[in-house]
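Subject: Handing over the structure and some notes on it

Dear colleague,

I am passing on the structure below, together with notes on what was found in it. Please read them with the structure open beside you.

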Amino acid sequence: MSHINPSRLVEHFIELVKIDSETGNEKQISEHLAEQLGELGFTVHKLPVPAHISNGHNLYAKLEGSLAGSIAFSCHMDTVTPGIGIEPVIEDGIIRSKGETILGGDDKSGIAAIMEAVRVLKEHNQAHKTIELAFTVHEEGGLFGSEHFDMSFIESNHAIVLDTGGPIGTIVNAAPGQQKIVAKFIGRPAHAGLAPEEGISAIQVAAEAITQMKLLRIDEETTANIGIVEGGNATNIVMPELTVVAEARSLNGDKLDAQVEHMIETFQRAADAHGAQVEIESTRAYNAFVIDEASPLIQSVKASFDAIGEQPFTKGTGGGSDANNFNAKGLTTVNISTGMAKVHTTEEYIAIDDMVKVTEFVQHYVTQA
């Protein structure tokens, strides 16, 4: 018997999504959750992060258990924009926003599920493993909260991030690494009508490089994209400067390195050919992870999904999550679905049934010896 209280779960979720917490502005939500976790019996630590990342804190919380073993659960506290003044609407068992904002199920649905599961454990005096929580700031747009998470607090060998969509039972066990490449082309200005031959067109150089570049789907594990192009301010000037912002992703670290090298070389070759300069900044946003199907973590996660009647399955994804950084830091971490859908859009929604199911999963997982 799960004893989950769906109305309390939904009420808490709605309370959380009404707290504005667009990326970088997590002070209020982090303080609110720190207080609530303390009331639930957790030992809570507010972990500082650099000020340019957030006005709030990462949260670490621990609830000692009487069963052997421990598990860390993780969610992020920030939302994408537009996420101010969210008004949730419930219709036919579905929660969505009124339509002018996102809903914020990404990722407050995970937070609400974990906390409802703990409330049930407390109410019914259920024995459980030690539960550790890592709630992060600034996940959207760079995974910076998890990058700066103080891992010295974490005692568990395994973690579960609740931060993806799809059917309940979805287990993400592979996600790509990502590299960001910023190329600034510097040509030479000239009057486009009177003496164009005296100029070096930054956009012509960049266009030649991009035309020669392998982009979009490279293979089943690797992608690359030019996302932003900025430059120019008049039609009568040969464009002197242009900035190109690109990315590459791969599930395979060697392939990612090779693609990045190819992109940088192509930018440089085009610049050299035209006597232009190119300043290239290449930074690893996060690393890939692939967790073997046979790993004890995946086996135990599958067992709990089976036990609550949900079909578990593993899959790779094309996007990053805090699981990328936790794996890179040596904490074996999978990412599971909370049932959130159409995230990052004003059409975002989540089914109450799915929120109940993922809460049941958390409750079952921590009560297995």
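Strand S5 (residues 94-97) and S17 pair in the antiparallel sense over three bridges, where helices (H or I, at least four residues) and strands (E, at least two) are DSSP runs numbered from the N terminus, and where two strands pair if DSSP finds at least two bridges between them. Within this pairing, Ile94 has Ala351 in S17 as its bridge partner. Please keep in mind that this is a predicted model, in which local features need pLDDT of at least 70 and side-chain atom pairs count only at pLDDT 80 or more, while totals for chains, interfaces and linings use all residues. Residues are numbered from 1 along each chain as its sequence is written, and side-chain values use heavy atoms, with hydrogens and water left out.

S5 and S17 belong to an open sheet of three strands with the order S4-S5-S17 and antiparallel pairing. The edge strands are S4 (88-91) and S17 (349-351), each of which pairs on one side only. On average, neighbouring strands of this sheet are turned by 20° against each other, direction ignored; for such values, axes are lines fitted to C-alpha atoms, for helices over the stretch in contact, and angles run from 0 to 180 degrees between N-to-C directions. Helix H1 (residues 6-17) packs on the sheet and touches S4, S5 and S17, contact meaning heavy atoms within 4.5 Å, and the direction of H1 makes about 150° with that of S4.

How do H1 and helix H2 (residues 27-39) pack? Two packed helices are described by the angle between their axes and the distance between the axes. Here the angle is about 150° and the axes of H1 and H2 are 11 Å apart. That makes H1 roughly antiparallel to H2, since angles under 35 degrees count as roughly parallel, over 145 as roughly antiparallel, 65 to 115 as roughly perpendicular and the rest as oblique. From H1, the residues His12, Glu15 and Leu16 meet Ile29, His32, Leu33 and Gln36 of H2.

A further open sheet has five strands in the order S10-S11-S12-S9-S13, with antiparallel pairing. S10 and strand S13 (277-286) stand at the edges with a single partner strand each, so one side of each is left without a neighbour in the sheet. The twist averages 20° from one strand to the next. Between strand S9 (residues 177-186) and S13, which run antiparallel, there are nine bridges, and Val182 has Glu281 in S13 as its bridge partner. Helix H5 (residues 202-211) packs on this sheet, where H5 touches S9, S11 and strand S12 (241-250), and its direction makes about 20° with that of S12. A hairpin leads from S10 to S11 through two residues, and Asp219 stands opposite Thr222 in S11.

Strand S16 (residues 332-340) is mostly covered, with eight of its nine residues buried; buried means under 20% relative accessible area, exposed over 50%, and partly exposed in between (1.4 Å probe, protein chains only). S16 pairs with S7 in the parallel sense over seven bridges, and His158 stands opposite Thr332 in S16. With S8, in contrast, S16 runs antiparallel and is joined by two bridges, where Ile171 stands opposite Ile336. The loop between strand S7 (158-165) and strand S8 (170-175) holds Gly169. Which residues is Gly169 in contact with, leaving aside its neighbours within four places in sequence? They are Phe305, Gln311, Pro312 and Phe313.

Ile336 is also one of the residues that touch the most other members of the largest nonpolar core, which has 78 residues. A nonpolar core is a set of buried Ala, Val, Leu, Ile, Met, Phe, Trp, Tyr and Cys residues joined through side-chain atoms within 4.5 Å. Helix H3 (residues 105-123) gives the most to this core, with nine residues. A second, separate core of 23 residues includes Ala202, Ala209, Ala246 and Leu256.

For the chain as a whole, the secondary structure comes to nine helices and 17 strands, and buried residues make up 51% of the 369 residues.

With best wishes
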